[in-house]
Amino acid sequence: MSNQWTISDVMALMEAWYPASRAESWDRVGLVAGDPSAHVTSILLAVDPVSAVVDEAIDEDAGLVITHHPLYLRGTSFLPTSDPKGASITRLIKNDIALFNAHTNADVSADGVGDALAQLVGINSPSPLVPTGIDQAGRPIGHGRIGSITPTRLGDFLDLVAERLPAGPHGIFGSGDPGKIIERVAVSGGAGDSFLEAAREGGADVFLTADLRHHPASEHLEGGAPALICGSHYATEWPWLPILERKLVQAASTANVEVRVKVSTIITEPWTSHRPTLGGRK
């Protein structure tokens, strides 16, 4: 006979893999809503705790949703259903669905967001771009990843990134000479313009991240390498979810627990379409 997990059991696994103590001081991670003692037989993984993901959780009869982003990063005093977040939390509670998140603690940890993006684009033996410490297994941890790839043209690497990131209307933007040979790559899922200097100091030929703002990117490029690739926040963080799925499935198998784990493929970017601007030309 198989065993059953409680929400608390899953929380213990997440704490072992992505300890809350590694989260940035401004972050909010952990159990947002739900009964830790409740049994769970279905888990949904997603980037954002938005209404469409709540719909999917209800349709899938999930007992737990694990998201990367927090529902309430800055706190709140009111939860009316007239507010989108209030409506989501109300529907989760009414349907006995717990909500848990791992954010910057999942960014820095082994098998986290940084490692997932590095693996996706083929970085060999990646190390943290901005180290923050050593984990219990003696592995360096930190924000982003940097390492070598098989030397290739920047244009071909752009094509590879576009092919491997999850589909979405944002796509990617690139800078630099497409014919230049690159072999050292830095990556950071989500907003990464605070790591531009770290990518330069690390000797990266190209830096893949998201949410690059005009002035920091422009000023960085005026100073030379690395070239920049800007994807969407969602797309650069979603690759962590299949890794988390495999870890949960393996842990369930080891514990003889029957549980369904599904990765949401709902695109939770704020953008829904893309058009090139033509400057009045027809």
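Author: Before we start, contact here means heavy atoms within 4.5 Å. This is a predicted model: local features need pLDDT of at least 70, side-chain atom pairs count only at pLDDT 80 or more, and totals for chains, interfaces and linings use all residues. Residues are numbered from 1 along each chain as its sequence is written, and side-chain values use heavy atoms, with hydrogens and water left out.

Reader: Ok, what share of the contacts with a separation of 6 or more comes from residues 24 or more positions apart?

Author: That share is 67% in this chain.

Reader: And how many helices and strands are there?

Author: The chain has 10 helices and 13 strands. Those are DSSP runs numbered from the N terminus: helices are H or I with at least four residues, strands are E with at least two.

Reader: How much of the chain is buried?

Author: Buried residues make up 48% of the 282. Buried means under 20% relative accessible area, exposed over 50%, and partly exposed in between (1.4 Å probe, protein chains only).

Reader: Then where does Ser125 sit, and what is its phi?

Author: Ser125 is in strand β7 (residues 124–134), and its phi is near 45 degrees, a positive value. Ser125 counts as exposed, at 70% relative accessibility. Asp211 also has a positive phi, near 60 degrees, and lies in the loop between β11 (206–210) and α8.

Reader: Last one, Gln136: buried or exposed?

Author: Exposed, because its relative accessible area is 59%. Gln136 lies in the loop between β7 and β8 (140–153).

Reader: What is Gln136 in contact with, beyond its neighbours within four places in sequence?

Author: Ala16 and Arg22. The Gln136 side chain reaches the backbone oxygen of Ala16 at 3.3 Å, and a polar contact of 2.9 Å joins the side chains of Gln136 and Arg22. A polar contact is a pair of N or O atoms within 3.5 Å; within protein, one must be able to donate a hydrogen and the other to accept it, and residues adjacent in sequence count only if both atoms are side-chain atoms.
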